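Hello,

Here is the structure we talked about handing over. Please look through it first, then read the notes below.

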Amino acid sequence: MENSRLSVQGRIFNIQRYSIHDGPGIRTIVFLKGCPLRCRWCCNPESQKYDTETMVTAGKTETVGRDVTVEDVISEVEKDRVYYLRSGGGMTLSGGEFTVQPEFSLALLSEAHDRALNTAVETCGFAASEVFEKLLPYIDTVMLDIKHTDSEKHRLYTGRDNTVIKENAVLLAKKARKLIIRTPVIPTFNDTREEIGKIAEFTASLGTVSELHLLPYHRIGSDKYAGLGREYMMKDIKVPEKEKMEELLSVVNAAGLKGQIGG
Amino acid sequence: MKFYTEKIAKSDRIPKLVSALFEKMPQIEADRAVLLTESYKSTEGEPIITRRAKAFEHILRNIPITIRDNELVVGSATKAPRSCQVFPEYSYEWLEAEFDTVATRSADPFYISEETKSVLHEVYKYWKGKTTRELADAYMSAEAKTAFEHSVFTPGNYYFNGVGHVTVDYPKVLSAGYSGIISEAEERLDKLSQGDPDYGEQYHFLTAVIISCKAAVHYAKRYSVLAAEMAEKESDAKRKQELVEISRICAKVPENGAGSFYEACQSFWFVQMLLQTESSGHSISPGRFDQYMYPYLKKDLDAGKITYEKAQELIDCIWVKLNDLNKCRDAESAEGFAGYSLFQNLIAGGQNKFGRDATNDLSFMCITATEHVFLPQPSFSVRVWNGSPHEFLIRAAELTATGIGLPAYYNDEVIIPALQNRGLTLEDARDYNIIGCVEPQKAAKTDGWHDAAFFNMLRPLEMVFSEGVDKGELIGRKTKPVSEMKTFDEFLSAYKEQMNYFIGLLVNADNAIDRAHGERCPLPFQSSMVDDCIARGKSVQQGGAVYNFTGPQGFGIANIADGLYAIKKLVFDEKKYTLQYFKKALEDNFGKPTDQKMAEKLTGKVVKALAENGREISEELIRCVYDEIKTNKCSESERAGYEKLLADIESLDKYGNDVDEVDTFAREMAYIYTKPLENYRNPRGGIFQAGLYPVSANVPLGEHTGATPDGRLAFTPIADGVSPAAGRDKKGPTAAANSVSALDHFIASNGTLFNMKFHPSALSGRSGLESFVALVRGYFDRKGSHMQFNVVSRETLRDAQKHPEKYRSLVVRVAGYSALFTTLSKGLQEDIINRTEQQSF
């Protein structure tokens, strides 16, 4: 029988090999285009719109976004199989947001799963619960962002309320093979002991989750905003100090979780 | 097996020894040259092997000896630390010509006093017509010389210097001592039959072995006496005790077998340094130190006679001493081997001859020693195979993460079958170690002539466009004009024709030099520790070793692959450009001006050549030459056309990005060098085998190479080793590794070299180390042979350029070895900085 899922199309903007901070082992990250959130600090602003767009990088105009088939992606992912075997790595879907393209993600994840490739996703959690239900059987590790527990502040900085995200966290905690909660630590947004403490508390309340990773804010993507003709709203924000991160880590650990700085 | 993996603290002695080493600029000393010449004058007419042994003896009896402060392991080849002796029997003219510039040159400067200059000047008078270089000249064909002069290849290493590149039978000296070797030679002498056709040669060889070994023993005893005298005068009780112990040990070894780990360390060191007094050859490699030293360590540990800390201190002392030796090369070679490196390769881990893992506590302690001493020597390597203990590789990765550029990683799974394919037995192949940069061989049985020449694979490509003409002279094959070539196959066969022609000349040059060493500089001391010299009654240089090879290394594979791929695509598949247009674009350097520094350098060379031809040099003439070189006379429209061509080349797939079509192409191109070489033989009865690595010659030899069809501009560096061309691998380390593994590493059995540079963030934390080890393992699963890493930030290197004084001990791995970054030439520093940083956040 012809494997019809290999011809399913999706829209991505990058495939990055030898990624070592996005799930276990050496991984190939597939960056999908389109995201329901608009986080002010986003280091991949070109991922947010589903539509293809142009971005100026080092003086050169490039098109961001291309339509590919599952077969195209899998053949690229397969190239590093030997390194996944040696490291326990595999494929990670990131973005953007993989739930924005549920059919493509389903085809890609199930294809990888059938080939015994380890799969992971990085998600903002903002999607209909049915989408997660359908995709979960093919995902080994879910890395879910909990950015803030306060709904209003969440909406202000990301463009969306966090109610759905919290509901999905409960669902994922119950059904995902492995769930890791991740929090980008953004000065002026969530970098106080109190705010991180609440996230840790929420994470612990999920019952099945043991790991909470704190990802320090970085500016590596800031040039892209100008390249897209957009304003970078975080330009006055400084990267958190190492000591600050250590302090917040201790808050996480105090909640009985296994904390970690970085992915 | 359970290993002792505790972190062993560094003794206070080590930083003191290290800083004493770097107090002053290294200097050139004349003692050896004077003593050698005295001896040679008194032995004229005797067999050469006897003259060599007597000269060695005369040197060791009279050369000044010194025990430096705080040393536990003694034996110094020079009075001042990190200095060098001179070896006029190989060549001397270059040093005399560089007397006034050697202290100020950019790569590897040496101080030389006026007195030394005048002493050497006197000594040199004797050597005219007597050197290996001059005899090699006589043996070399005119065509080979021309190709050498035109920098198609350079066999300069052994043309100017001794060969080195050997690992001797350290374990034999450790167990039996030189007295054991002397007895062996004496027994052999007894068995010689006077009716044998080569009785005379064998007799003199064996006698020379005995003289040399006795000289080594006597030399050690001089240290014993000196240590006793110093102990007598020493007021510090602790140091006094140390000197008494040194005196006792030097009276015992290397004459006799070592009874303790300390004695084994001292015995090892005498062997290592004396080999480098006998000949100027570099890459005298200790090899599997963790294997042959371990029994002594284990015995002492089990008996409670030594602690891990004390043993570590002794190992660290050896590591320091390996940096005390030095060598002065001519200015051009110094750029090719930059970093004062002697390439004393020492390797840990891997299989034993029975195919079982041989990693032991000492393997781990070797890693610790490199961390403690943190200097370029030894060129520290580890062997990796499917059965390597994971914790050993993680420990090695920790060393890599320090940014020292060590260790280099080698793949048993490729090297063992590759050596078997060259005729080694399975047991010998499993017991391999690495010589110099990346060259595998079986210790104590091999004369590998590993660094036989640098062969620039781009120069024959230039000859295809020029129909064999270089600088107005026909030096290659007069192949068909490119304008008449109708297919890519025609173009490729012209390249193969040029390559085959120059490979033949390369062999001619190497064999001429090889024969000259055999006739003028056989080495009885070295030969006493290489099988089967004593049994055969002849020296290593005359074919006494069990395995004999000549291994010249090709480089530029990435540029050749990208360049020929560009021609195939743009000229023949897509028909966008003609070969004629490519030819013009290359002649015009794609419309780009020559870099100012390069233009100045070239001007200097042209003016010098004009002066030698009797032209009167005026400032105006210099300006004219400079303008001619610097200015690019292309019109605007020509330039625009070239820009378009460059952009089209740029947009093609490149080697290093895991694109099957290009990588397969690279594999085929490498065969154009590696396969024809296999058919040639050397005077010692062995075959040629190719390597693919440049040491650091890709920079200076790039300066002799015009623009190439991969878009590389004239006189810029050539790609390093089998690594992708700088900046062209854009898909990260696994993609680059997959591309490189597409080459046939089995046939390049003299070694391949894959350099990768990491930003420290890629190795941070346990997960970073795990991923790194998985990367190495994955590359090796795909049958790559060697990998080495730089872990530094671009900022660090920039700052080191601005403030060299702050970074005196900053170590960077440059193609096959580690060097002090601040001692490298500007061009090489830039090359290191420009290599793609495999960043990952």
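**B:Gly350 and its surroundings**

Setting aside neighbours within four places in sequence, B:Gly350 is in contact with B:Ala358, B:Arg383, B:Trp385 and B:Asp412. Two residues are in contact if their C-beta atoms, placed from the backbone, lie within 7 Å. This is a predicted model, in which local features need pLDDT of at least 70 and side-chain atom pairs count only at pLDDT 80 or more, while totals for chains, interfaces and linings use all residues. Residues are numbered from 1 along each chain as its sequence is written, and chains are lettered from A and ligands numbered from 1 in the order in which they are written.

B:Gly350 sits in the loop between strand E2 (345–349) and helix H17 (361–373) of chain B. Helices (H or I, at least four residues) and strands (E, at least two) are DSSP runs, numbered from the N terminus. Is B:Gly350 buried or exposed? B:Gly350 is buried, because 28 other C-beta atoms lie within 10 Å. The cut-offs are 20 or more such atoms for buried, 12 or fewer for exposed, and in between for partly exposed, with C-beta atoms placed from the backbone. From B:Gly350 to B:Ala697 there are 347 residues along the chain, and their C-alpha atoms are separated by 30 Å.

**B:His704**

B:His704 lies in the loop between strand E14 (691–692) and helix H31 (732–741) of chain B. With 19 other C-beta atoms within 10 Å, B:His704 is partly exposed. B:Thr716 is 12 residues from B:His704 in sequence, and the C-alpha to C-alpha distance is 8.8 Å.

**Chain A as a whole**

Chain A holds 9 helices and 11 strands. Its C-alpha atoms fill a box of roughly 55 × 45 × 35 Å along the principal axes. Of the 263 residues in chain A, 44% are buried. Take the contacts in chain A between residues at least 6 apart in sequence: 72% of them join residues at least 24 apart.

**Where chain A touches chain B**

The contact takes 14 residues from chain A and 20 residues from chain B. On the chain A side, strand E1 (9–19) and helix H2 (81–87) each supply at least two residues. H2(A) gives the most to that side, with 4 residues. By class, the side of chain A that touches chain B has 6 nonpolar, 4 polar and 4 charged residues. Here Ala, Val, Leu, Ile, Met, Phe, Trp, Tyr, Cys and Pro count as nonpolar, Asp, Glu, Lys and Arg as charged, and the others, Gly among them, as polar.

Regards
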